[in-house]
Every structure is written in structure tokens, then in C-alpha cells.
Amino acid sequence: MLTNFTSIALTIVGALAWGLLLGGISRSVTARVHGRIGPRVTQNFIDIWKLFRKTSSIHHGGMFWMAPMFRITGAICVLLMVPLVIGQNITCNMSFAGDVFLLIYIMFFGCLGMALGAGNSGHPYAVIAVSRGLAQMSAYELSFSIAVVAIAVGLHTFRVEGIVAAQQAGITSWNIFRFPFASAGMLIAFLPMQMAYPFGIVLAPQEIPIGPPTEYSSRMLSFMFSGRALFGVAKLLLFVGLLFGGASSWLSLLVKTFLLYMYPVVVSSVFPRFRTEQSIRFLWFVPTTLALVDLVRVML
Amino acid sequence: MYCNQRPEKPGNKKEFLKKITNMARANSLWVTAYGTGCGAIELRPLYTSRFDMERFGIAMRPTPRQADVLIISGYLATKTLKRVIRVYEQIQDPKYIIALGSCTINGGMYFDSYNTLNVLDKYLPVDVYVMGCMPRPEAVIDGFSLLMQKIKDGRAQGWKHYKENLDYYRENQKKIITDWDLPDYNW
Amino acid sequence: MIDKVKKELDIRFPLLKLVREQHNYLHVKVAKASVVDAVLMARTCLGFTTLQLISTVDRLEDDVFQMTWILENQGACFVLLISADYPRENCIVPSLSQMWPTASTFEREIFEMFGISFPGNPREGEDFLLEGWKDMPPMRRDFETEEYSMRVFGERQPREHLDPRQYVGDIVGEWNTPMGRKRKEDK
């Protein structure tokens, strides 16, 4: 019991640190693309500590306070269900048959909590951003779910550990090679999940400056940033497990998540932003069709 | 809780890990994106590749809720002062003000204008003045580094001063804003 | 175009005075009773459908406000300025806001800055730039702007005023007179 608790706590702290570090690296990379020097790699830690120590006197109702907690809760749930490193005790945090479906649902739990909280704040920009975000979410969730179902059906297992275990026979057995279309759909859906351009219509700094967290301040904002970092790592782990064969050692885990994290960063630093309807139209058609191709192939 | 109640006076409470917190505050200054005068144009180069402020951890925030620093960039009309007060009081503590340009120090070239206030620190607590008309981006960076040093030493206490002497500031503000239609406490 | 405009205006307004003309620009002065007729005529018969600006000059020496309506015929690239003098005391000028909705905004500004009343402007008296202004309208030339600024805003230290002639010396005198250098040589 104690070791279980320790392993959970270690997972969360480690994921938080890794997520914040990745965020700092991505800020540096974006700055280099702009021709700037960019902030320190540890800038996100400093920001979070500063925000945590600021006072807060803003109150917009109960849901407003709970939204960052929802986000963190969703992130931790996802984190604990995804295997970190194969064959180590610390990694089998929680795992049961059918957890793929639970993951698909719980990944959007945090977003829904944010939507309620931001809506409760009553700021018009937040409400606009929430409506955009939910519309976009329903678009990419479809392709993501179809792709996951295609992979799960193809491998005859509804357990994330099973999916990871099925990819251990060398690089060619990774799902990205066995299910190329579904993987392409998932990787396209990964961009709006990370709020990367060209799908960054939720935070859209040019029209609805920073969107949902407009009214959030100090401690709430620091929770929200931590939640985002945790959630980012959880998503990375899930994608590494589903598509890239999981990780057999800590080093390969770090390398794989780092490379996967850099993909939306690089894409978003060279692309402009879609308008809302362009983004949603693209997400309804292209990744969904790709995922459906593999689902039909698997069914036949 | 807010808008109808006087803010509590912040005493000299003992803070947990005060030195580390002050270091964090100094190295992560978030600026409210609000320009009051001509200096707002001079701030733009700071965020682009030549003078890159982000390497000091300074970032723009579009909302006062998340910001630490308010930059009074240049001359301040009485009409703008009303909005500035509102914005300043919505920033969460601790908060700092940087005033740019000679207009905020003694009126500058608008010293005899009917609509531009001359001495800013009668109305708002200023932590750092940057002189010049307008200050070049290098001067603004210098002002920021001075503010960082003050925060590290724990001397940037303008927000405490404002809360403790609220009556004095309110009296001055109400003297020039003749149609005062703000709530008395905007926290 | 210029001949046509001059002919048309000459026929109808015998008291008209020509102030200045260029190839695409004509400035005329009419009696204050016939201003509205002249503007209407220019709009309907001569195609001056755009109101660029309503400007006011305070001629304290003549005790008049010179009002100027700047109209433009965009097809012909021609600008027509119609001016009239109004006495400064209780100045009342007809409003053109029924013809051009934009005129309403100009008239609000002039009311605020000069205290000139435009009966017929639906938004007259609304705050435009100055909120809660109680003093004399500030753009009148008998408004003591420096005295007002000192009284309301105050200053950190009273400012020294230096006469440039004494401060810099004879060079200024040389530059100020058109033939300064020559005259010095004569001596």
C-alpha cells in the first residue's frame, strides 16, 4: 500500500516537473524560431511559484474555483492509467480491462471542467473561447476515438497495457506502422489537443486574448498551468503507448515523449491560425476519414 | 468581498520562503498590455527579436487579473487616469508600476495642458521612473532591471503604500476626476 | 471645376468673399445668415457630398469665432471650404447633423472645446473627450491653460522659463531676423 502510494506520488511529481520543463523548452524553441533568445528553460517553474504566492481576491462562484481542480484531476487520472515503463513495478499504477474506453472519456473531463469554470467567470472572451473549444473538441474527439477503436479492435485488446505489449517485437510492430492511417488521424488530432497552431482557436491571442483563463488569477492560474503541464505529459504517455510502442527504459521514455512533444511545437511555430469554421471543417473531414479507413480495414 | 469593502492593510507578515519568492517575483514580471500614451509604441520593440524581453521572464498578459506590472507609458490624461485606476486596482498583490517618460515625472512637454496630469505619484504609487521623451527600449530595459533589483531586495512596496494611504490617493484622484463614477473599492 | 463652383456660388450669394484658391481647393467666406444655404447648395447642386471636418478658429481680436465647413467632391477631387464669422458671446450655429450624421460628432466636440451651441444636434451636451468638465471650455483663447494646469494638477517644482534670446545669446537674434547676418555685417 505504502509503495503504491509512493509510486503514485512520484509519478505525479515527476510528470509535473517533466511537463513544466518541456513547456520551457518549447518556449525557447518558439523564441529561436522568432529570432529571439527566449526565456530560461526553468521559466515555467518560476512563473508557477510566483503565481502561487500572489494573493487572490476574485470570486465568481463555486464552479470557478473547481475548474482547475477538475483539470488536475482529469490529468492525474489519465496519468495513472497509462503505463510508464514496461516491466517495472512502479509503472503499473492502475490498469484493468477496458481502460481504453475510460481514457477516451476521461481525457475530456478536464476540458469540460474548464468550460464550466470559464463560463461561470462571465467574461465574454472566456465564453466565446469555451464555445469554440467545445465545438473543436467534438470535432477531434471523433477522429481520436475512431482511431483508438481501430487499434484496439485490430489488436484484440481493450487494455492499454495489452496494446503496448503487442508492439514489443521491434520497430515494425509499432502501431504507427501497423495502422498508418489511424495513426495519422490521431497525430492530426494531437495538434488541437495541445492547442497548437493551426488549430489554436481557443487561446487565439489576436482576437480573444487568452480565452478561457481570462478571469483566473494567481493561485488558480498556477493550478491551471500545473494541470496543463500534467495533462500534456499524460497525453504524451498515452500517445507513446498507443502508437510508438511504449517505453522499455526511462531513457527511451524521456526521448520519445520529448520528440513527440516537439512535433506540435515545431508545427505551431511555422503555421498561421485557422479560423474557427476552417479548423472544425478540417478536423471533421481529414483525420476522421483517415481513422475510418483503418477501422474499415480492420473490420474486413 | 470586493467593490464594497475597504482593502485590508497588509502588515509586515512573515512570509514563507520570502527570499526565494522574491527571486521568483523578480524573474517573472508579467505586464498588463495597456498603453496610455505615446510610450506604448516604444514598448512594442521590446517584445520582438531585437530587444527580446522574454529572456528576463517578462511577458505580456492581456488581462490585469494575471499581471504584476502596470506600465504608465507617457502622458496620462485625466480621462485615462480613471481607467488606469480601475486596471491597477484589479491587479492582484504584489503589483508594481513603472512610469515612462518625463510626462509622468513633471508633465514634460504637456506641463501646461488642461487635460494631462503633471505629477503621477500623487495619484498612484510609482516604483520606478524611467526618464526620457520617449525612453528608448534600452532605457526601459534598464528600468526593468532596476525594478527587479528592488523586488529582490524587498523594497518595491508601492502596493502596500497605496493600501495604507488609500485616503490620500483617493482624495487626490477625486480632485481631478470630477465625475467619479467608479466604485470606491475596485478590488 | 473651379470656374463652375465660383460661378454658381457668385450667382446665388452676392456677399461672398474669396479667401484663397488653388487648382483643387477653394475657400470662400459667406454671411452667417446664408451658411446653411451655401452648404446645401454645394451638396445638392455641385456634388460636395462629403463633410470632411467642421473647424473653429477663435479670433479673440475680432471677437468672433470663425467656423469653417470643409466639404469634398470626391469625384472631382475638389475641396470647398465655406466659412462664416459668429460673435463670441452666446455663440449659436445651425447644426448640419440632419444632412451628415458625422457632423453630430464634430459638433459635440466643438461644443465641448469652445462652448458653441448647435441647436438641432440630437446628441448635444454628451461627454465627448472631457468627462465632467466644469471650467471654461478649454480651447477658447481666453482660457488660461497654464494657470489651470498649475491650479489643478500642480507641479513638483515651479518651472523656470528662459527667454531663448538671453539664454543662447545673439545667435538667436541672428537667426530670427531674416536679414540678420547681413545687418551685422553692415554694422
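**Contacts and fold of chain B**

Author: The model is predicted. In it, 16 residues of chain C are in contact with 14 residues of chain B.

Reader: How do the residues on the side of chain C that touches chain B divide by class?

Author: That side of chain C has six nonpolar, four polar and six charged residues.

Reader: How many residues of chain A are in contact with chain B?

Author: Two residues count as being in contact if their C-beta atoms lie within 7 Å. In this model, 27 residues of chain A are in contact with 19 residues of chain B. Three helices of chain A, α1 (2-34), α2 (43-52) and α10 (218-243), each supply at least two residues of the side that touches chain B. The largest share, five residues, comes from α2(A). By class, this side of chain A has ten nonpolar, eleven polar and six charged residues.

Reader: Which secondary structure elements does chain B have, and in what pattern?

Author: Chain B has seven helices and five strands. Along the sequence their pattern is α-β-α-β-β-α-β-α-β-α-α-α.

Reader: Why is chain B described as being as compact as a globular protein of its length?

Author: The radius of gyration of chain B is 16 Å, close to the 16 Å that the globule rule gives for 187 residues, so chain B is as compact as a globular protein of that length. Its C-alpha trace spans about 45 × 40 × 25 Å along the principal axes.

Reader: What percentage of the residues in chain B are buried?

Author: A residue is buried if 20 or more other C-beta atoms lie within 10 Å of its own. In chain B, buried residues make up 46% of the 187 residues. Among contacts in chain B between residues at least 6 apart in sequence, 82% join residues at least 24 apart.

Terms used
Residues numbered from 1 in each chain as written. Chains lettered and ligands numbered in written order. Predicted model: local features only at pLDDT ≥ 70, side-chain atom pairs only at ≥ 80, totals over all residues. Nonpolar A, V, L, I, M, F, W, Y, C, P; charged D, E, K, R; others polar. Helix = DSSP H or I, 4+ residues; strand = E, 2+ residues; numbered from the N terminus. Rg over C-alpha atoms; globule rule 2.2 N^0.38 Å. Buried ≥ 20, exposed ≤ 12 C-beta atoms within 10 Å, placed from the backbone.
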